[in-house]
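Colleague: I have this chain open on my screen and would like to go through it slowly with you. Please start with the words we will need.

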Amino acid sequence: MHPRPVPEHDLCLGPERWTSHFVAVIDAEPVVCVRPGDAVWPHWSLYRHPHLHPDDYLGTLHPDATPGSPWRIQVTDERHTSFGDAVRSLRRPAQWQRSRDHVITWARSALADSDLLIIDVQTTGLHTPYAVQIAATDRHGTLVLDHTINPQEAIDPGATALHKIADHDVAAAETFSALLPRLTRALQGRRCLAYNMPFDRHVIERELNRHYARPAAAQRWLRKCRWEDAIVPCTQWRGLWSAKRNAYRYQPLGSQYDALTNCRLLLDRLTAIADSQR
């Protein structure tokens, strides 16, 4: 008789209440967890399938008293904040270490690039957005620009709930068009790195289309910047594999929904990647 699958949220009760043989469901995919009968300290060996064939062995996890990282992988001593993340790390594709090494090289190269500019944009909302704040720092975290912007459109209440910028906060602020000369000097010719760059670039493109009223002019402006997205390399470096999505799991930066804070959070993440060991 096979054990009942345990959803991920039920695992939060803690390993002291777990049985010696159970099936955990992580990202809609089961993993068989077995505690060896001769174990002095509690730990669980994980398998892809119930028949426990050696080829299906994923690894062994140990609960740990370390604050903030209660799960330790036996072979690598890697630590994770949750059982689910530990399982995701064991499900990584075989080429993950090679991908991680490439990301470390990328981060070191980015931080060595004097043209690097880290940018973030806060907006009126997720749909048909205009900018309400834009910030940028250089590779050292030095402030390059940080401006609130009058979007000349109503700010969605849901967006205000996140970034705390309401219509009255930007009523007297400069418009994007007024700010454009400074943005041009700051961004053009630079390597513009953002977390979810396609979204930030799209917002700037909408603003440029409104300013120039000619898409071709907007595209010429955008082509003078080198746009680069940090989500994929940051996600690969962390290496938490989602079986449900068949891709690495998105990793939040810990955003406070402030553009300048987000720039510095991304710089911190980039520095952590560059400093990590191969």
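Modeller: Helices and strands here are DSSP runs numbered from the N terminus, where a helix is H or I over at least four residues and a strand is E over at least two. This is a predicted model, in which local features need pLDDT of at least 70 and side-chain atom pairs count only at pLDDT 80 or more, while totals for chains, interfaces and linings use all residues. Residues are numbered from 1 along each chain as its sequence is written, and side-chain values use heavy atoms, with hydrogens and water left out.

Colleague: Okay, how many helices and strands does the protein chain have?

Modeller: The protein chain has nine helices and 14 strands, and its C-alpha trace spans about 70 × 40 × 35 Å along the principal axes.

Colleague: And what percentage of the residues counts as buried?

Modeller: Of the 278 residues, 46% count as buried. The word buried means under 20% relative accessible area, exposed means over 50%, and partly exposed is in between, with a 1.4 Å probe and protein chains only.

Colleague: Let's look at the sheets. What is the order of the strands in the open sheet of seven?

Modeller: The order is β1-β2-β3-β4-β5-β6-β7, and the pairing is mixed; two strands pair if DSSP finds at least two bridges between them. At the edges stand β1 (5–7) and β7 (79–80), each with a single partner strand, so one side of each has no neighbour in the sheet.

Colleague: Which helix packs on that sheet?

Modeller: Helix α1 (residues 83–90) does, touching β2 (21–26), β3 (29–34), β4, β5, β6 (71–73) and β7, where a contact means heavy atoms within 4.5 Å. The direction of α1 makes about 150° with that of β5; axes are lines fitted to C-alpha atoms, for helices over the stretch in contact, and angles run from 0 to 180 degrees between N-to-C directions.

Colleague: Do zoom in on one pair: in which sense do β4 and β5 run, parallel or antiparallel?

Modeller: Strand β4 (residues 44–47) and strand β5 (residues 57–63) pair in the antiparallel sense, over four bridges, and Thr60 in β5 is the bridge partner of Ser45.

Colleague: Now the five strands that form another open sheet: what is their order?

Modeller: They are ordered β10-β9-β8-β11-β12, again with mixed pairing. Here β10 (143–148) and β12 are the edge strands, and each has a single partner strand, so one side of each is left without a neighbour in the sheet. Neighbouring strands of this sheet are turned by 25° against each other on average, if direction is ignored.

Colleague: Which helices lie against it?

Modeller: Helix α5 (residues 176–187) packs on the sheet and touches β8, β9, β10, β11 and β12, with a direction at about 155° to that of β10. Helix α6 lies across β8, β9, β11 and β12, running at about 70° to β8.

Colleague: β8 keeps coming up. How many of its residues are buried?

Modeller: Eight of the eight residues of strand β8 (residues 116–123) are buried. In a regular strand the side chains alternate between the two faces of the sheet. In β8, Leu116, Ile118, Asp120 and Gln122 point one way, while Leu117, Ile119, Val121 and Thr123 point the other way, and all are buried.

Colleague: Which strands does β8 pair with?

Modeller: β8 pairs with strand β11 (residues 191–194) in the parallel sense over three bridges, and there Leu116 has Arg191 as its bridge partner, while Ile118 has Leu193. Seven bridges join β8 to strand β9 (residues 131–138) in an antiparallel run, with Ile134 of β9 as the bridge partner of Val121.

Colleague: What about Thr124, buried or exposed?

Modeller: Thr124, in the loop between β8 and β9, has a relative accessible area of 6%, so Thr124 counts as buried. Leaving aside neighbours within four places in sequence, its contacts include Pro129, Tyr130, Val132 and Pro151.

Colleague: Changing topic, why does Ala28 count as exposed?

Modeller: Ala28 counts as exposed because its relative accessibility is 57%. Ala28 lies in the loop between β2 and β3, and its phi is near 65°, a positive value in a residue other than glycine.

Colleague: And where is Ala213 found?

Modeller: Ala213 is in the loop between α6 (197–212) and α7 (215–223), with a positive phi near 60°, and at a relative accessible area of 61% Ala213 is exposed.
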